[in-house]
Amino acid sequence: MAQEVRGVIAPGKDEPVRIETIVVPDPGPGEAVVRVQACGVCHTDLHYKQGGINDDFPFLLGHEAAGVVESVGDDVTDVQPGDFVILNWRAVCGHCRACLRGRPWYCFDTHNATQKMTLTDGTELSPALGIGAFAEKTLVAAGQCTKVDPAVAPEVAGLLGCGVMAGIGAAINTGNVGRGDSVAVIGCGGVGDAAIAGSRLAGAAKIIAVDIDDRKLETARSMGATHTVNSRTTDPVEAIRDLTGGFGADVVIEAVGRPETYKQAFYARDLAGTVVLVGVPTPDMKIELPLLDVFGRGGALKSSWYGDCLPSRDFPMLIDLHLQGRLDLGAFVTETIALDEVEKAFERMHRGDVLRSVVVL
Ligand code: APR
Ligand code: ZN
Ligand code: ZN
């Protein structure tokens with residue numbers, strides 16, 4: 001029996017979001033219905049609403065979520081009703097070339113639910129990133145559910161579902177930050193701050209936070225930055241070199257997604273250092289670099305999708321570290337809000353007032 005719940009949809013390009021009744025089918029083979037307890041508000045939700053991702057309106061927004069599995073389809077064995085889970089948008093297939101090569105974080109064929117959630121008139125919804133969790137319940141592929149220790153608060157756990165995982169993973173998975181490394185992070189929003197927290201966790205000796213907003217630099221310090229640079233007033237490349245004995249940082253993480261900040265990252269790293277691009281550019285952006293510098297400076301220029309995470313490996317580990325007091329994931333939750341406050345949260349996010357607003361259900 002399908003059930004009806006409340007959910008936040010983006011009805012059309014640039015139209016305000018609104019609460020609608022959502023029809024959630026019973027889980028079929030390989031699917032699970034999850035009772036959502038918390039879901040963070042992410043830039044990607046806003047991009048969906050603005051029509052910046054695709055035109056498949058109406059969208060069921062929300063994708064940084066945690067909750068409890070309510071029911072599962074016939075052949076589902078990895079999770080069962082009652083499990084506390086974080087939802088992920090990369091349920092790896094296990095069969096594609098990347099998975100078979102032992103690099104499942106590059107999986108080309110990640111899973112979502114097969115059945116569609118709809119409005120009561122039958123209109124099919126497009127769930128954001130295949131999740132759609134600004135809703136009391138949502139239907140996902142069972143592989144999108146990763147079981148973690150239920151002792152963690154849902155509003156904290158859900159954040160690993162997207163931005164915070166992307167940032168931590170950019171440091172520890174993609175950038176391979178290690179003990180004693182120097183790291184610079186350009187852009188200290190939720191993603192950049194998570195990269196800072198990840199770098200601290202990995203034992204980085206020096207963590208330089210760069211932003212154009214002093215408020216952000218202050219928060220970055222509380223997340224583990226040892227030095228801060230306001231790049232509106234100071235040349236960040238010079239400053240990072242000065243702070244690293246003239247060399248540049250071992251790893252520079254770009255968490256803005258713009259050509260000028262990428263260029264800063266490129267030149268702020270030490271010879272043979274690593275640049276990690278975790279900020280997401282728009283299709284019109286281009287970058288020009290002297291090819292001789294790309295060659296001559298050596299090292300690695302990498303991008304980080306979702307922090308190159310493997311949910312089954314990384315989510316439970318990071319939640320355990322949080323519960324042990326070694327990683328303060330709670331610091332990313334600026335405020336908890338109700339389902340009908342998503343539009344307001346978008347405005348606050350746009351003004352840069354919050355790291356994360358989290359809808360609690
Ligand atoms: N130089 C330095 N910092 C900048 C610049 C700049 N030119 N422009 C913006 N910033 C800072 C902002 O002040 C802000 O602190 O970058 C930060 C961006 O943070 P958020 O807007 O909160 O975005 P966040 O959620 O952290 O995501 C960052 O990663 O996943 C992607 O799509 C996401 O591209 C976005 C990026
Ligand atoms: Zn695969
Ligand atoms: Zn997101």
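1. Start with the ligand. Ligand 1 is surrounded by 25 residues. Gly 187, Gly 189, Val 191, Gly 257 and Val 280 are the closest. Keep in mind that this is a predicted model.

2. What is the shell around ligand 1 made of, by class? It has 11 polar, 10 nonpolar and four charged residues. α4, α5 and β12 each supply at least two residues of this shell. The largest share comes from α5, with three residues.

3. Now α5 itself. This helix covers residues 190-201, and its 12 residues should span 16 Å at 1.5 Å a residue. The end C-alpha atoms are 16 Å apart, which agrees. After the helix comes Gly 203, with a positive phi near 95 degrees.

4. Is α5 mostly covered or mostly open? Mostly covered: 11 of its 12 residues are buried. Among them are Val 191, Asp 193, Ala 195, Ile 196 and Arg 200.

5. Next, the core. The largest nonpolar core has 112 residues. Leu 61, Val 183, Ala 184, Val 185, Ala 195 and Ile 253 touch the most other members. Helix α4 (residues 163-174) gives the most to this core: seven residues. Domain 1 (3-161 + 328-360) and domain 2 (167-304) both give residues to this core, so the core lies between them.

6. Look at Ile 253 last. Leaving out residues up to four places away in sequence, Ile 253 touches Ala 170, Ala 171, Gly 175, Val 183, Val 185, Ile 186, Ala 195, Val 276 and Val 278.

Note on methods:
Residues are numbered from 1 along each chain as its sequence is written. Chains are lettered from A and ligands numbered from 1 in the order in which they are written. This is a predicted model: local features need pLDDT of at least 70, side-chain atom pairs count only at pLDDT 80 or more; totals for chains, interfaces and linings use all residues. A nonpolar core is a set of buried Ala, Val, Leu, Ile, Met, Phe, Trp, Tyr and Cys residues joined through C-beta atoms within 7 Å. A residue is buried if 20 or more other C-beta atoms lie within 10 Å of its own, exposed if 12 or fewer, and partly exposed in between; C-beta atoms are placed from the backbone. Helices (H or I, at least four residues) and strands (E, at least two) are DSSP runs, numbered from the N terminus. Domain bounds come from an automatic or database domain assignment. Two residues are in contact if their C-beta atoms, placed from the backbone, lie within 7 Å. The expected span of a helix is 1.5 Å times one less than its number of residues. A residue is near a molecule or strand if its C-beta atom, placed from the backbone, lies within 6 Å of it. Ala, Val, Leu, Ile, Met, Phe, Trp, Tyr, Cys and Pro count as nonpolar, Asp, Glu, Lys and Arg as charged, and the others, Gly among them, as polar.
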